[in-house]
2 protein chains.
Amino acid sequence: AMDFKLRAATKEDCKEISRMIKELAVFEEMSDQVKISHEDLERDGFCQNPFFECLVAEVPEERKSREGFTVVGYALYYYTYSTWKGPSAYLEDLYVMPEFRGKGIGRGLLCKVAEVIKKKGCVRLQLSVLDWNTSAQDFYISKGAQNLTVSEGWHAIRFEGQHLDNLAGEA
Amino acid sequence: AMDFKLRAATKEDCKEISRMIKELAVFEEMSDQVKISHEDLERDGFCQNPFFECLVAEVPEERKSREGFTVVGYALYYYTYSTWKGPSAYLEDLYVMPEFRGKGIGRGLLCKVAEVIKKKGCVRLQLSVLDWNTSAQDFYISKGAQNLTVSEGWHAIRFEGQHLDNLAGEA
């Protein structure tokens with residue numbers, strides 16, 4: 001069995017998390033969209049009321065990646081609220097470096113997030129997947145997840161940039 | 001012009017918010033799904049690290065609803081995080097009682113939420129709409145929102161109940 005460790009991220013992991021956020025965006029074919037730095041992650045995730053929590057997967061030094069990395073995966077999540085069911089959580093990113101896939105690290109991160117948020121009283125865990133990413137969809141469905149866009153017809157809507165500024169300006 | 005006031009909800013508003021959460025669920029044809037009470041809202045939204053924030057719309061006593069209510073709309077939201085753009089927010093519910101629609105209360109609540117979250121440094125506001133609720137979709141799109149499910153193919157995935165317990169149990 002592959003040996004790896006899952007643990008809560010610390011401020012010192014933010015450079016590695018930032019690197020993997022960019023790797024994930026390349027996979028999602030939207031790498032030009034990443035605007036935040038490791039300094040942003042340090043400030044936003046490790047302050048008094050952090051915007052997110054993060055777990056990382058670490059392998060021993062002797063199993064480091066070809067490029068010398070030992071932090072090889074992460075799960076970044078935050079707390080949300082369902083007005084029907086109560087405290088919930090949202091898994092923003094779940095990522096494992098390609099050369100470390102197929103060893104249970106992704107599954108391990110997902111299960112650990114579920115454990116952590118349940119201890120905080122959460123009754124739901126949600127996330128988003130791209131329609132063409134069928135391997136991710138199959139993975140989540142195999143674990144019992146429901147695709148709400150397909151089953152109930154929920155669509156995601158976003159305001160940003162000038163449009164968000166305009167809304168705020170009308171207040 | 002209709003006179004109404006928008007203000008941050010207090011613990012004392014939770015009974016009214018709970019009533020409107022049920023009204024919204026009836027509209028969404030999922031009223032059997034509402035499991036939380038006003039006591040839950042009081043505990044989860046008005047504690048040290050609240051799970052959500054809420055604005056309410058209030059009309060003067062002389063314009064109260066047929067059933068005698070003066071709190072006639074609400075917007076419930078919470079803070080999230082984009083690993084590409086940073087601090088963001090999610091509008092869980094936006095609701096105005098049917099007899100008070102068409103008077104700018106919904107627009108007012110949406111704009112006020114945008115103003116509040118921008119002051120907290122948020123760069124995005126997201127929400128979900130049902131595919132058959134074209135009037136809500138048209139409203140958001142007219143204000144410059146993007147439908148991410150249509151434009152980028154994002155689908156919403158949810159774990160809950162026994163499936164979430166199973167994940168946590170495997171950690």
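Predicted model: local features only at pLDDT ≥ 70, side-chain atom pairs only at ≥ 80, totals over all residues.
Q: What makes the relation between chain A and chain B that of a two-fold axis?
A: Chain A can be laid on chain B by a turn of 180° and a shift of 0.0 Å along the axis, with an RMSD of 0.0 Å. That is the relation of a two-fold axis. The same surface serves both copies, since 100% of the contact residues of chain A recur in chain B.

Q: Why are β1 and β6 of chain B said to stand at the edges of the sheet?
A: The open sheet of 7 strands has the order β1(B)-β2(B)-β3(B)-β4(B)-β5(B)-β7(A)-β6(B), with mixed pairing. Both β1 (5–8) and β6 (146–147) of chain B have a single partner strand, so one side of each is left without a neighbour in the sheet.

Q: How do you know that β7(A) pairs with β5(B)?
A: Two strands pair if at least two bridges are found between them, and β7(A) and β5(B) share 7 bridges in the antiparallel sense. Phe159(A) has Leu125(B) as its bridge partner in β5(B). Ala89(B) also stands opposite Leu125(B), and strand β4 of chain B runs parallel to β5 of chain B, joined to β5 by 2 bridges.

Q: What joins β7(A) to β6(B)?
A: These strands run antiparallel and are joined by 2 bridges, which meets the requirement of at least two, and they therefore count as paired. Ile157(A) has Asn147(B) as its bridge partner in β6(B).

Q: Why is the contact between Glu99(B) and Arg66(B) called a salt bridge?
A: The closest N and O atoms are 3.9 Å apart; the cut-off is 4 Å, so the pair qualifies. Glu99(B) lies in the loop between β4 and α3 of chain B and Arg66(B) in the loop between β2 and β3 of chain B, so the pair ties together parts that are 33 residues apart in sequence.

Q: What makes Arg66(B) exposed but Glu99(B) partly exposed?
A: Arg66(B) has a relative accessible area of 74%, and exposed means over 50%. Glu99(B), at 28%, falls between that limit and the 20% under which a residue is buried.

Q: Why does Arg158(B) count as buried?
A: Its relative accessibility is 10%, and the limit for buried is under 20%. Glu160(B), with which Arg158(B) forms a salt bridge, is partly exposed at 24%.

How values were computed:
Residues numbered from 1 in each chain as written. Chains lettered and ligands numbered in written order. Heavy atoms only, no water. Least-squares fit on C-alpha atoms with pLDDT ≥ 70 in both. Contact = heavy atoms within 4.5 Å. Helix = DSSP H or I, 4+ residues; strand = E, 2+ residues; numbered from the N terminus. Salt bridge = Lys/Arg side-chain N within 4 Å of Asp/Glu carboxyl O. Buried < 20%, exposed > 50% of the residue type's maximum accessible area, 1.4 Å probe, protein only.
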